[in-house]
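Q: Hi! I'd like to go through this model with you, one bit at a time. Could you help me read it?

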Amino acid sequence: MPSKAKTGKKLVIVESPAKSKTIAKYLGEGFIVEASIGHIRDLPQPSELPAELKKTSVGKFAVDIDHDFKPYYVVSADKKKKVTELKAALKDADELYLATDGDREGEAIAWHLLEVLKPKVPVYRMTFGEITKEAIQRAMGNLRDVDSALVDAQETRRVLDRLYGYEISPVLWRKVARGLSAGRVQSVVTRMVVDCERERMAFKAASYWDLSGQFGADAGSFKAKLAAVDGAKVASGRDFNDDGVLTSKNVAHLNEELATSLSAGLQDASFTVRSVDTKPYTRRPAAPFTTSTLQQEAGRKLRFSSKSTMQVAQRLYENGYITYMRTDSSALSDEAVTAARRQASELYGPEYIPQSPRVYTGKAANAQEAHEAIRPAGDSFRTPAQVAKQLSGDEFRLYELIWKRTVASQMGDAKGSTATIRLGAVASDGRDAEFSASGTVITFPGFLAAYEEGKDETRGDDDSDEARRLPNVAKGDALAASEIIAVGHETSPPPRYTEASLTAELEKKGIGRPSTYASTISTIQDRGYVRKQGSALVPSWIAFSVIRLLEQHFSDYVDYEFTADMEGDLDKIANGQAVGASWLKHFYFGEDSDPGLLSIVNNLGEIDAREINSIPITDEITLRVGKFGPYLESSAATVDPKTGEIVESARANVPEDLAPDELTAAKAIELMETAAPEERVLGADPHTGHTIVAKNGRYGAYVTEIIPEMTEEQIANQPVEYYKNGKPKPPKKPVKAKPRTGSLFKSMTVESVTLDEALQLMSLPRVLGEDAEGNLITVQNGRFGPYLKKGTDSRSIGSEEEIFTITLEQALEIYSQPKQRGARAAVPPLAEFGPDPVSEKNIVVKEGRFGPYITDGITNITVPRATSLEELTREQAVELLAEKRAKGPVKRTATARKAPAKKKATAKK
């Protein structure tokens, strides 16, 4: 067979279209750049496996657990067309360059491309940390093969997550609630948030007092705080533990009475300076950004969620503005160091850069493959002003943050001095009071001229030195005192995690990968385990149940150290020091005295679901996590204040916005006392004799009838059915009749609704009559208000009360008018973001049936649960709409089920 004629074309494959457009600008003639748009194949759902595999060792996980845990990969249905296009492009190429990202995920994408495309031309692996002309040229000079160890590490992680999720999640479905999921990292992150809330729930506040005063000298006045009484340090918040107990010895614990009396005794006292201490102040710049520190700082300074930060950073990287945004390294290349020093010198002066370049080598626990820190792209940096017109608002803000941090990292230390003044006086009752004031004066700003790192909320008193200049005083100088007042304080509970502080703690513990923190934090919010309250992360009650079950029955798998060790094991596989198949075998099947996941799942024993889903609040009140949400249940018999009846096991709903630590014993009692009755008997239907009741349900108050079950005698007296052979069939289990129901009007309550009103509500829809063509017209109440219905034509009407008063003539009059879309009072959009760059239609956020959604009038996408409306930006809205368009219309389930039978899947060899 003759060899293929040379075409001179070289095919380069990257992950994203944006990256392909940028890299194409820097490659020479003859290069064709295509995008795989992420992974082209993955593990299918077990239900999608071919029938002949479902009963084999592959059937449970789409992983062959009996043969070295070989994954059974299939080309994704939405990637088949893309694979066909790539194969066609490869036919005309003489060389193939796999230019996906240089981390484990990127290496795996390259390997999958190699396996599926089966190229017969030379193949080269090309990686680069930034998309610039210089970086691409350097990458072409450092081509390599696909790294099989990195691929093994990624594949091991993928299989590990499948084993973990598919074995443990079903336990949650059975014992907590359907639809829940367990994840190797997400469950541990959820536990961290729950543990923090547990600490807040157990916390007991302590009270303490001190004094503050204004003191003046000839050189000026300043504020000082009481530091000691009779030589003993005054107790502050950090001297108490979380039980409210004073733990520090030899301290003066002032209460309100002692503090107030001391304040009164110092009003006419003579204050003098007792000491002045001055120390040199030096502060060094923070290291350039890693993935973790970028997410933290963007959260603090820009109020970005971790997910938003990574989305914006991805765009900046793919369009050639910054280096690769998934990195554990804070090191800068020689070219970057030179660029940063040069720019700092040009902008701030040569005195602002140190004599020698700063070198940053520190890495986080379990750091992954070495990349450069996140910095502006190129061997010379573009200033924010130079790129402002090319970037969107969020892109510019993040680029500016990265630019400032990078340049500041190569600038000189901030220099200054910190002064501490101690002053005192003897009160009229003989007690000696000593006050203290500190201030820091910056004499040379150094890196602070460009950038200052943000801080997370901390506990205790803020004793940090203020950037203030204290007056020039000397020991023995007299001071005039004014405004000496007693100030009361309470110790504060541990602060809740924010996305920034949670990211920092995850990195500190070595849990997961910084590159996955954003998606993990987003996932636990989307799953309903955690919600945002402002910027704080608050766990749901269902998260408490999930974590409790996991702690009791899968303790290792939510253990912080165990999870961090797993990351270390994956690192060994990535470095070629271990083999994935062997590690997975030990993890799943166990070895000797170390049980594997399979053994633990198979020997769970009995799990008391009620106990798992119960949290005692008081001796008599217990919070229970039920099918329809959390509720309180009292074990004590209570008296209904309205009816005087004794109620056994009274219940009360728990407000959704009530944080767990706010459900104190007092609050629980209040909720029980003010709870609306769950059910109120209204009487009997005069036509059926059925009891009519009003209830409070998950979706609001409603009325319904209670249909009595058939007696055994009635069941026995049912007509007998026979088989074809003449033998009688056993009596059928009676089909439970569906009771009539009706939602209460907004003007009604369970306590006020009457029997007649209930019967009216249950009679809906109300038939008004027919139009001239014989079409039936009815009126009813719906989720979005009362409306008329004629076939498929619905028309809104005014108030709910009109349902029982509107006439056929009035309905015909409404139908005689042209249908007005949104004829009801227009509801203003929740947010507006201007025209979409693709459709050119106005982008708005509206309230929909399933929550707020973004729309341009053509494409709709639900606002992610992890993103609050306050955080949603125009850039995010545009990107979410673009992602929805790229996915195309949602395919029906029936079509998806047929697909596996038609495809010829490829197994890993």
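Q: Which residue forms a salt bridge with Asp161?
A: Arg157 does, and the closest N and O atoms of the two are 3.1 Å apart. A salt bridge here is a side-chain nitrogen of Lys or Arg within 4 Å of a carboxyl oxygen of Asp or Glu. Before we go on: this is a predicted model, where local features need pLDDT of at least 70, side-chain atom pairs count only at pLDDT 80 or more, and totals for chains, interfaces and linings use all residues. Residues are numbered from 1 along each chain as its sequence is written, and side-chain values use heavy atoms, leaving out hydrogens and water.

Q: Thanks! Why can side chains pair up like that?
A: Side chains of opposite charge can pair when their charged atoms come close.

Q: And how many residues apart are Asp161 and Arg157 in helix 6?
A: They are 4 residues apart in helix 6 (residues 148-175), so about one helical turn separates them. Helices are DSSP runs of H or I with at least four residues, numbered from the N terminus.

Q: What network are they linked in?
A: A network of salt bridges that links Arg104, Glu105, Arg157, Asp161, Arg184, Arg513, Glu567 and Asp571.

Q: How many salt bridges does the count come to?
A: The count is 47. Among them, Lys233 meets Asp239 at 2.8 Å, N to O. Lys233 is partly exposed at 39%, whereas Asp239 is buried at 6%.

Q: New topic: at what angle do helix 3 and helix 4 cross?
A: The axes of helix 3 (residues 80-91) and helix 4 (residues 104-117) cross at roughly 75 degrees and come within 11 Å. Axes are lines fitted to C-alpha atoms, for helices over the stretch in contact, with angles running from 0 to 180 degrees between N-to-C directions.

Q: Which residues meet there?
A: Val83, Leu86, Lys87 and Leu90 in helix 3 meet Leu113, Val116 and Leu117 in helix 4, contact meaning heavy atoms within 4.5 Å.

Notes: Helices (H or I, at least four residues) and strands (E, at least two) are DSSP runs, numbered from the N terminus. Buried means under 20% relative accessible area, exposed over 50%, partly exposed in between (1.4 Å probe, protein chains only).
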